[in-house]
Amino acid sequence: MRQARSFIPALSVVLAAAILPGPAARGDDAAGGVRRDRIEADVRWLADDAREGRLAPSAGWAASRDHIAEAFAALDLEPLGDDGYVQAVTVEGDLITAPKEGANVVGVLRAPGGATEHVVIGAHFDHLGLDPETGDVMNGADDNASGTAVMLEVARVLSEPAVRRRLRRDVVFAAFDLEEHGLLGSQFYVDHAPIPIEQTTAMICLDMLGRSVMDATPGRLVALGTETSRDLDAAVREAAAASRSELWRLSTDYVGPRSDFVAFAEREVPHVFFTTVPHRDYHRPTDEADGVDFGSLTEHARVVAALTESLAIAETRTRWSGKNVDGLAEAKAIEAMTATLLERAASEDADEHRHRISGLQRLLLRLVHGHAKRLVENGEVGAIDRGLLVLGTFAVVLGVIDDDPLKTILGALRRRLGRQRPGR
Ligand SMILES: [Zn+2]
């Protein structure tokens with residue numbers, strides 16, 4: 001016979017519910033199981049100098065690959081590579097580009113009842129090696145130890161028996177390689193999918209979740225790509241609404257073909273690209289673990305975990321619905337973002353390196369902000385106005401947030417062609 005409930009445990013339950021943050025209080029749900037300490041440990045491990053900037057074929061890169069495979073093994077995921085979890089990636093060169101070799105790390109969490117559909121959650125784990133000029137390690141803590149760590153945390157949380165029991169679909173976890181060389185790892189995955197890509201109901205792409213726009217917008221999470229799936233858009237909004245992260249929704253027109261969702265989008269797989277977009281340490285040796293906002297990163301991980309679970313337990317699959325842009329949501333996001341950047345630059349404690357802007361940059365920000373604000377006030381966004389907003393946002397990213405855009409563009413080109421001098 002069960003003991004009669006005494007007053008003390010009942011009181012402690014009430015107290016716990018009042019003190020604990022909302023999602024954690026819900027106990028065994030996916031988002032509630034997310035833990036900051038595990039995410040932080042993975043980011044710090046992947047972004048340590050010993051990982052040598054995770055560029056194939058260095059020892060630090062191989063150790064990173066093995067670290068992810070070991071995490072998958074500890075969770076008993078089923079290996080989907082050609083050598084355990086490792087899927088060798090080989091890309092032939094041509095007249096212009098050099099051949100490339102790397103490795104994706106791929107495992108699947110099987111739904112208990114068997115499934116013919118699956119969700120893919122992917123993050124690239126590679127980065128840029130050593131700075132070609134100074135030899136400094138490019139640690140890539142935000143880009144993309146942060147996304148890789150969140151992917152691993154979601155794998156842990158969904159593997160918990162209470163969560164796993166509810167899954168109707170399999171969940172494929174993928175750490176992609178060679179993203180920095182032109183999205184090669186994710187393209188290779190789609191071209192050589194270990195489970196047919198037609199069975200992929202949605203792809204969740206995680207790339208740079210550890211900082212915020214110019215380090216001025218903590219707690220804001222940008223979601224791009226759901227303009228092609230009403231189902232996925234609704235699921236993303238629902239997952240964010242139950243969290244402390246504020247969602248900014250943009251179409252992928254705002255980033256172009258810039259992360260691992262691209263190959264999936266080309267196959268009409270519903271996709272969402274989560275990011276917290278650029279800051280001044282982007283692709284610099286100063287993108288280090290100490291710069292990561294672990295509080296916001298953990299909140300964003302809760303959104304991702306809740307979304308992954310909801311897509312994997314939904315009764316019907318997530319469908320592609322063709323491009324259907326929410327121009328007003330975009331204008332609201334850009335209005336809020338530019339307002340925060342202007343405020344931060346004007347504030348007394350604005351950090352020189354991270355937040356300082358010139359008079360010309362302030363003018364550009366004000367122009368884009370004014371345009372976005374007008375569109376929000378009008379309540380509708382025509383095609384030409386939207387085009388201007390997209391262009392204005394590109395100008396802000398390159399001309400205000402990036403303090404050396406030429407170096408960024410040339411570096412990306414050099415990597416794409418594979419003619420970069422070997423790191424020292
Ligand atoms: Zn990058």
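Modeller: Strand E3 (residues 100-109) and E5 run antiparallel and are joined by 5 bridges. Please note that this is a predicted model.

Biologist: What makes E3 and E5 a pair of strands?

Modeller: Pairing requires at least two bridges. E3 and E5 have 5 bridges, so they count as paired. Within this pairing, Val106 stands opposite Ala174 in E5.

Biologist: In which sense do E4 and E5 pair, and over how many bridges?

Modeller: E4 and E5 pair in the parallel sense, over 7 bridges. His124 has Phe176 in E5 as its bridge partner.

Biologist: Why is Gly140 counted as buried?

Modeller: Gly140 has 31 C-beta neighbours inside 10 Å. The cut-off is 20 or more, so Gly140 counts as buried. Gly140 lies in the loop between strand E4 (118-124) and helix H5 (141-159).

Biologist: Which residues does Gly140 touch, leaving aside those up to four places away in sequence?

Modeller: Gly140 touches Ala47, Gly53, Arg54, His127, Leu128, Ala145 and Asp287. Arg54 is 86 residues apart from Gly140 along the chain, yet their C-alpha atoms are separated by 8.4 Å.

Biologist: How do helices H11 and H13 pack?

Modeller: Helix H11 (residues 327-346) and helix H13 (residues 359-378) pack at an angle of about 145 degrees, their axes 8 Å apart. Their crossing is left-handed. Among the residues that meet are Leu328, Ala331 and Ile334 in H11 and Leu365, Val368 and Leu375 in H13. By class, the contact has 12 nonpolar, 2 polar and 5 charged residues.

Biologist: Where do the domains lie along the protein chain?

Modeller: The domain assignment gives domain 1 (27-313) and domain 2 (327-417). Their centres, taken over C-alpha atoms, are separated by 25 Å. Domain 1 contributes 22 residues to the contact, and domain 2 contributes 22 residues. The side of domain 1 that touches domain 2 has 10 nonpolar, 7 polar and 5 charged residues.

Terms used:
Residues are numbered from 1 along each chain as its sequence is written. This is a predicted model: local features need pLDDT of at least 70, side-chain atom pairs count only at pLDDT 80 or more; totals for chains, interfaces and linings use all residues. Helices (H or I, at least four residues) and strands (E, at least two) are DSSP runs, numbered from the N terminus. A residue is buried if 20 or more other C-beta atoms lie within 10 Å of its own, exposed if 12 or fewer, and partly exposed in between; C-beta atoms are placed from the backbone. Two residues are in contact if their C-beta atoms, placed from the backbone, lie within 7 Å. Domain bounds come from an automatic or database domain assignment. Ala, Val, Leu, Ile, Met, Phe, Trp, Tyr, Cys and Pro count as nonpolar, Asp, Glu, Lys and Arg as charged, and the others, Gly among them, as polar. Axes are lines fitted to C-alpha atoms, for helices over the stretch in contact, and angles run from 0 to 180 degrees between N-to-C directions. A crossing is left-handed if the near helix is turned anticlockwise from the far one by less than a right angle, and right-handed if clockwise.
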